[in-house]
Amino acid sequence: MPKFKFTASSRTGQKVNPLGGTSDSITVYSQADLDRRVKAAKTDPRDLDVKVERLS
């Protein structure tokens with residue numbers, strides 16, 4: 001069961017979604033995966049704004 005909803009949006013208008021959008025959301029199933037994604041977003045060159053919503 002998904003534990004978090006992870007949403008990343010580019011502050012600079014660059015593509016985040018493979019289909020061309022400037023934001024994308026995914027479900028995350030573990031704390032370790034969430035931590036990895038947040039860490040990666042901090043160094044992403046697209047200047048990402050990250051929002052995490054707890055689902056369960």
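1. The largest pocket has a volume of about 230 Å³, where a pocket is an open set of points, on a 1 Å grid over the protein atoms alone, where a 1.4 Å probe fits, with protein on both sides within 12 Å along at least five of seven lines, and a volume is the space filled by probe spheres set on the points, which are joined across faces, edges and corners. This is a predicted model, in which local features need pLDDT of at least 70 and side-chain atom pairs count only at pLDDT 80 or more, while totals for chains, interfaces and linings use all residues. Residues are numbered from 1 along each chain as its sequence is written, and side-chain values use heavy atoms, with hydrogens and water left out.

2. The structure holds 6 salt bridges, each a side-chain nitrogen of Lys or Arg within 4 Å of a carboxyl oxygen of Asp or Glu. One of them joins Asp47 to Arg11, with the closest N and O atoms 2.8 Å apart.

3. Asp49 also forms a salt bridge with Arg11, and here the closest N and O atoms are 3.7 Å apart. Arg11, Asp47, Asp49 and Lys51 are linked in a network of salt bridges.

4. Asp47, at 33%, is partly exposed, a class that lies between buried, under 20%, and exposed. Phi of Asp47 is near 55°, a positive value in a residue other than glycine.

Terms used. On a 1 Å grid over the protein atoms alone, a cavity is a set of points where a 1.4 Å probe fits but cannot get out, and a pocket is an open set with protein on both sides within 12 Å along at least five of seven lines; lining residues have an atom within 4 Å of a point. Buried means under 20% relative accessible area, exposed over 50%, partly exposed in between (1.4 Å probe, protein chains only).
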